[in-house]
Amino acid sequence: MNVKYFMFLFCPLAVQGQTTDIVQTADIIEVKTDNTSMIFTAKTDAPVFFQYWGNRIDSTADFSLGRAVEQQLFPAYGGRYFLNPALRLTHEDGVLTTELVYIDMESNSLDENRTETIVHLKDKLYPVFVDVHFVAHKAEDVIVQYVTVVHHEKDSVRIANIASSYFPLHAEAYYLTHFYGSWAAEMQWKEERLTPGTKVVESKKGVRTAQSENPSFLLSLNRPAEEDFGDVYAGALAWSGNYKLSFEFDEPGVLHTLGGLNDFASEYYLDSSRVFRTPDMVLTYSAHGKGQVSRNFHDWSRKYALAHGDKLNPVLLNNWEGTYMNFDEKTLTDMIDNAADFGIELFVLDDGWFGNRFPRDDDDAGLGDWQVNKKKLPRGIGYLADYAVSKGLRFGLWIELEMVNPKSELAQKHPEWVVKSGERDVLTMRNQWLLDMTNPDVQDFVVQTFDEIVAMSPNISYIKWDANRHVENVGSEYLPAGRQTHFWYEYVQGLYAAYERIREKHPDMEIQLCSSGGGRVDFGALKYHDEFWASDNTSAVDRIFIQYGTNTIYPVQATASHVSSSPNHQTGINVPLKFRFDVAMSARLGMELQPKDITGSDYRFAKKAIREYKLIRPIVQLGDLYRLISPYGENGWASLMYVSKDQEQAVFFAYSLKYHNPTYFETKLKGLHPGKRYKITELNGRSNHSSFYGNDKTFSGEYLMNVGIRLRLYRPYSSAVLLISEE
Ligand code: GLA
């Protein structure tokens, strides 16, 4: 048990305006990882106080004095609490307030790395019980927090809002980093100094809830977040539905951070004795800047929130930008031949392969009718999958099971499955409607259809799971009239229930997460997937920014990044093939174009680049990320590197985003071993002249990290990749 009992004297404590001065017995509750501690104090029948979150403290006795101003562990709306509450309930008799007090706590070792601490709270008057759960992941310095509520009132209790996590901080200044965006511009990094009042980051969209704001944040105390020093707190909500993160800067200057389900139009009526569980909030802290915070998230998710986080993801060719829906069997087998020649490991057939009565030749028909289109592919998916395998490639397929075109057999057969608001018009988006995942029949359909699709061939080993619209005119024919506001919560629960069943049956299937690009990138969805499509924007220039934001939180190994054709289909920008490869190779490399269009010296270059990516892949996908120069800086450079866990190998990337004259590129490397000697070899070179003056020479780690390196990179969209190997 992580509990120690202490007698302590409460010197007059301001407890949200309350003061007490009686001698009490208190529990000190510790949630600890290798380098961090969260500490609470509790006494029976009184509120539990959040005392501390930061560097690990082993001697906690000093907390027995309490602190002059204290915040509750999980502040409910009631008593003297006037800030945004973590919990707001309406009891069966209409009483709007809740006052939570301590019952006791328990601590359970889940395995060598994880300990769960549960703080049991109850309402002072009503039979309402709230458990605040913390799962400490020691090695990764991650604490996963969630909350469960149960009550024994006779009627239902209305949950007006419930957070997954709350924590208070007190500093001179707070700098919030969050990630905003839109389609083709996801995860744009934004840091701002918080001012008094409440800043909210949220989604009310449903389905594509990470598209315009990701449910993750960093908070730096006193100064903008630095890579290598300073207190940085961070959170990422593991939830693929509406969410809300709020940062309330109060009168005394305390910052109150809440994160969890969005309370917008989503009151939840909790029946007696039923348990309500919030999503997980994944929290981490480092005293050594945001670089360590990113590495904590990556290490944690590779182990706990990625389907096969310990393995390398394949180099693939996706046909989407190469053919869109305009293909036949020969187009695809030719692409597979070319892909094999390039050394590609997996071929993914994207949208357009299904529908007969309503053929999927455009995005206005066929969605929902998951039978292979006989005209385009007369010998079926089995033939294509076998063909790919016979050429040494694996085979994957695109699906979008949560959606339906009005022009489809499915929409005609099951109009009751479509999300709709009573008699109002059902609005289309990308010509499609949303299926109601709150309905168990729809969940069954999704699971069965997945089974049927993968049963088309034992050689299907990869699925791209897409979801191309969000929710409008919300409503469910399945949910009762008085429970329509449950839609937002139950949709995600239904989706996750389907994923659970699918994963149980198909544990080895590789599944890519996609929602019009990065519309659903969150740790809740990610745990069922192997990787995600970060954005429909394949322009290498924009990808530098998108990947910079994305990989601040989410792992590189899972970040699909594809070389596409030039001019880019989304932005119209022309950039050299080398630059496109150098960007895609800094994540999970793939191609998304017509490979036969790469000819001559480009062909030789691309083939070599794919070969060299396979060399550096373990370092990029499983190593530690160090950001060296932010693309958001003023100087028009971007640079990052990955270091293998044993510090024997590293790979370095540098990009020029504008014309540089007379300035030149220089940076210090990070994460190497100061005592080792490293040979530096430029990869992906296109001429006989290396951009690095010390190409093929050796340097000490100490030199590289203190003196640094200079590169000849002057032109816009010039770039360099260096392999750094211990001698
Ligand atoms: C979405 C995806 C794309 C592609 C298309 C197919 O936009 O993000 O990658 O799969 O759908 O319709």
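Trainee: What covers the buried residues of α4?

Mentor: A word on conventions comes first. The model is predicted, so local features need pLDDT of at least 70 and side-chain atom pairs count only at pLDDT 80 or more, while totals for chains, interfaces and linings use all residues. Residues are numbered from 1 along each chain as its sequence is written, and side-chain values use heavy atoms, with hydrogens and water left out.

The cover of the buried residues of α4 includes α3 (329-342), β24 (346-349), β25 (394-399) and β28 (460-465). Such names refer to DSSP runs numbered from the N terminus: helices are H or I runs of at least four residues, and strands are E runs of at least two. Helix α4 itself comprises residues 380-390, and its buried residues are G380, I381, G382, L384, A385, Y387 and A388. Here, buried means under 20% relative accessible area, exposed over 50%, and partly exposed in between, with a 1.4 Å probe and protein chains only. An α-helix has 3.6 residues a turn, so residues three or four places apart point the same way. After α4 comes G392, which has a positive phi, near 90°.

The chain contains twelve helices and 40 strands, and 62% of its 727 residues count as buried. Its C-alpha trace spans about 85 × 70 × 40 Å along the principal axes. Among contacts (heavy atoms within 4.5 Å) between residues at least 6 apart in sequence, 69% join residues at least 24 apart.

Elsewhere in the chain, a pair of helices may be described as well. Two packed helices are described by the angle between their axes and the distance between the axes. The axes of α6 (residues 440-454) and α7 (residues 487-505) come within 9 Å and cross at roughly 30°; axes are lines fitted to C-alpha atoms, for helices over the stretch in contact, and angles run from 0 to 180 degrees between N-to-C directions. Helices α6 and α7 are therefore roughly parallel to each other, a term for angles under 35 degrees, with over 145 counting as roughly antiparallel, 65 to 115 as roughly perpendicular and the rest as oblique. On the α6 side, the contact is made by Q443, D444, V446, V447, F450 and D451, and on the α7 side by G494, A497, A498, R501, I502 and K505.
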